[in-house]
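Here is a short briefing on one structure. Look at the picture, then work through the points by topic.

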Amino acid sequence: MNETILIVGAGPTGLSAAHGVASAGKQVVLVEKESRLGGAPILSGYARLVPSGEWAKDAIGRMVKRVEDDARITIHKGAKVMKLDGDSGNFIATLSNGRTVDAGAVILGTGFTHFDSINKPEWGFGTYEDVVTTTQMEQMMAAGKIACPSDGRVPERVCILLCVGSRDRQIGREWCSKICCTVSANLAMEIKELSPGTDVFIYYMDIRTFGLYEDKYYWRSQEEFGTKYVKARIAEVTQGPDKRLLVKGEDTLVKRPIVIPMDLVVHAIGMDPNLDNPEIAKVFGVGLEKHGFLERGEHYTASFASARRGIYVGGAALGPEDIDTCISHGLAMAMRAVGELNAGAQKAA
Amino acid sequence: MPIHEKSLIAPEDLMTSDKLVVDGVDVSGHWNTMIKPRYVSDYDADFCKVIQGYPGGEYVHRCWQCGSCTNSCTVYAVNADFNPRYWIYLVNLGLKEELLKDKDIIWQCVSCNKCTNICPKDVRPEGVMKALQHWMEDEGHVAKSSSTLFDEEFTRQCLARGRIEDTEVITNFLRRTGQDIVELIRNGWLGIMVARMNKWPLLRQGRLGKFIVRMPILGPLKMGFMMVFKPRTRSWGNTGTVLRQYVEEQKRLAKG
């Protein structure tokens, strides 16, 4: 029975799990494939987080520091798990950097991949410079300036297209990415704060600012920041003779086609299954659910269990998830893994 | 099955040439009918602010288009073209042209306030209907409504004299709304009303004594006196001027 727990992925889920396990007195080996810890919020340069409003580099930065400063946690950056032998209680992981890790349990916080807008060519990403993604907008917000990439002008009008890479059978994305509505409403307010002269339009099919995000983001953006919500799924983004972008679609509430000039078009990109999921499933011997996310076991009494005993999965690896929930998943998985090790130790004694 | 799009074509967008020959083929008349482009090509971002500047329109931007107002609407129940939800959307996006297509029915709001009671975002649609009507009158898109003309006459007398004369309000109102007072007395409702007030049916029944006892004498006399001398309320002084200035100032402030 090995007392070490192997955690894969150092985003909000993995960082939270690592701290949880270490605080319960067990050893942690944390493996991250990128050269930096922090996951998507850090790697993609998010600006202010929902719902705390804190800068990602501060909030997630604290999580990273807490893990880095913990003597019980060993970190391998730029490394992947290539092979996992053994069973629950006695796993042996082989890392891409040549090391082997003995672990009693494994926690997967392998997260997601941002949808690549190139897969929706009709919406102009990759064709027009002034079509960007929410990730790029986050980076602009973090840098404190908003400008059209084509010529650096401050946009008079920005439109955000929701459900880009979500809720779309045409491209095999039959899920709601859950956070984009709230992120977009937040972004609309940040844009207005940064550039009061810019009008922001959000093109939506439904608005799903769930739970407490309703008034704090949806209502507030509309009522205090003048964000306009237009019920239309855009058919295509083209360019007018004056180089301004034209968004075409049908305004379903006016029952009329629209062709509206915009300076900047933002894709509210969804959350795809991690591109590495097929590999992860093979290496760890866990299953994938029908959309390609990691498969979750029975949840009521075996929470966060994967298809393989001793391996736990949580966070955005299971499906689109917000950061706060990922952090909770991390702690819950720590609880599960440590509990399992303790039960194993009692049995052996 | 009815073609839904057909209902979206405005008659002025249809183009038909009586005589047209293309490549030797006669396509005169309806064979060459074309429809002009009819898409929405821009938003007027300031329009929403204009309507918010009118009393009642302050909360129009809160709307999220649930349709509760239209579903609860008394007028919508009898006229499906009366759609508050739709007009509120047009205001928020600044689709003025679309809105003006319905300029002749917006006034029909009966102010039952069912919409205001049911609205989950507290938009107060009844107020928006008022704001829209006032905006259209101010911009000359529609003639002043009867109620606006009445309000104007009422306010004018209040400010001038600190009181109103019922007879003067109604005569001026009828005149401004183009109603023939003499005709209304001779053959219309006004004559019937005055006759009944003055108990003429008693006279017709031959009950002369009762008629004389019941006939109002002092009232009409006082009314006639007031019509001629138009007295002001006691110590009215400059109050009217001050009130007028205050109203103007408030209007200016509301419109930013």
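Are helix 5 of chain A and helix 6 of chain A parallel, perpendicular or oblique to each other? The model is predicted. The axes of the two helices cross at roughly 45 degrees. Angles under 35 degrees count as roughly parallel, and 65 to 115 as roughly perpendicular. Helix 5 of chain A and helix 6 of chain A are therefore oblique to each other.

**The helix pair in chain A**

- Helix 5 covers residues 180-194 of chain A, and helix 6 covers residues 213-223.
- Their axes come within 9 Å.
- The crossing of helix 5 of chain A and helix 6 of chain A is left-handed.
- Helix 5 of chain A brings Thr182(A), Ala185(A), Asn186(A), Ala188(A) and Met189(A) to the contact. Helix 6 of chain A brings Tyr213(A), Tyr217(A), Tyr218(A), Arg220(A) and Ser221(A).
- By class, this contact of helix 5 with helix 6 of chain A has six nonpolar, three polar and one charged residues.

**The parallel sheet in chain A**

- Strands 9-16-10-11-12 of chain A, in that order, form an open sheet of five strands with parallel pairing.
- Strand 9 (131-133) and strand 12 (228-231) of chain A each have a single partner strand, so one side of each is left without a neighbour in the sheet.
- On average, neighbouring strands of this sheet are turned by 25 degrees against each other, direction ignored.
- Strand 11 (residues 199-204) of chain A is joined to strand 12 of chain A by four bridges. In strand 12 of chain A, Lys231(A) is the bridge partner of Tyr204(A).
- Helix 5 of chain A lies across strand 10 (157-164), strand 11 and strand 16 (264-269) of chain A. The helix runs at about 170 degrees to strand 10 of chain A.

**The antiparallel sheet in chain A**

- Three strands of chain A form an open sheet in the order 4-5-6, with antiparallel pairing.
- Strand 4 (81-87) and strand 6 (100-103) of chain A stand at the edges, so one side of each has no neighbour in the sheet.
- From one strand to the next, the twist averages 20 degrees.
- Six bridges join strand 4 of chain A to strand 5 (residues 90-95) of chain A. Val81(A) has Leu95(A) as its bridge partner in strand 5 of chain A.

**Domains**

- Chain A has domain 1 (4-111 + 274-348) and domain 2 (117-270) in the domain assignment.
- The C-alpha centres of these two domains of chain A are 33 Å apart.
- Twelve residues of domain 1 of chain A are in contact with 19 residues of domain 2 of chain A. The domain 1 side of this contact has five nonpolar, four polar and three charged residues.
- Chain B is divided into domain 1 (4-35), domain 2 (47-138) and domain 3 (146-254).
- In chain B, 35 Å separate the C-alpha centres of domain 1 and domain 2.

**Chain B and its contact with chain A**

- Chain B puts 17 residues in contact with 18 residues of chain A.
- Helix 3 (residues 84-93) of chain B gives the most to the chain B side, with three residues.
- The chain B side has nine nonpolar, four polar and four charged residues.
- Helix 3 of chain B also packs with helix 6 (residues 125-138) of chain B, at an angle of about 65 degrees. Their axes are 11 Å apart, and the crossing is left-handed.
- Pro84(B), Trp87(B) and Ile88(B) of helix 3 of chain B meet Pro125(B), Val128(B), Met129(B) and Leu132(B) of helix 6 of chain B.
- This contact within chain B has seven nonpolar residues, no polar and no charged.

Key
Residues are numbered from 1 along each chain as its sequence is written. Chains are lettered from A and ligands numbered from 1 in the order in which they are written. This is a predicted model: local features need pLDDT of at least 70, side-chain atom pairs count only at pLDDT 80 or more; totals for chains, interfaces and linings use all residues. Two residues are in contact if their C-beta atoms, placed from the backbone, lie within 7 Å. Ala, Val, Leu, Ile, Met, Phe, Trp, Tyr, Cys and Pro count as nonpolar, Asp, Glu, Lys and Arg as charged, and the others, Gly among them, as polar. Axes are lines fitted to C-alpha atoms, for helices over the stretch in contact, and angles run from 0 to 180 degrees between N-to-C directions. Angles under 35 degrees count as roughly parallel, over 145 as roughly antiparallel, 65 to 115 as roughly perpendicular and the rest as oblique. A crossing is left-handed if the near helix is turned anticlockwise from the far one by less than a right angle, and right-handed if clockwise. Domain bounds come from an automatic or database domain assignment. Two strands pair if DSSP finds at least two bridges between them.
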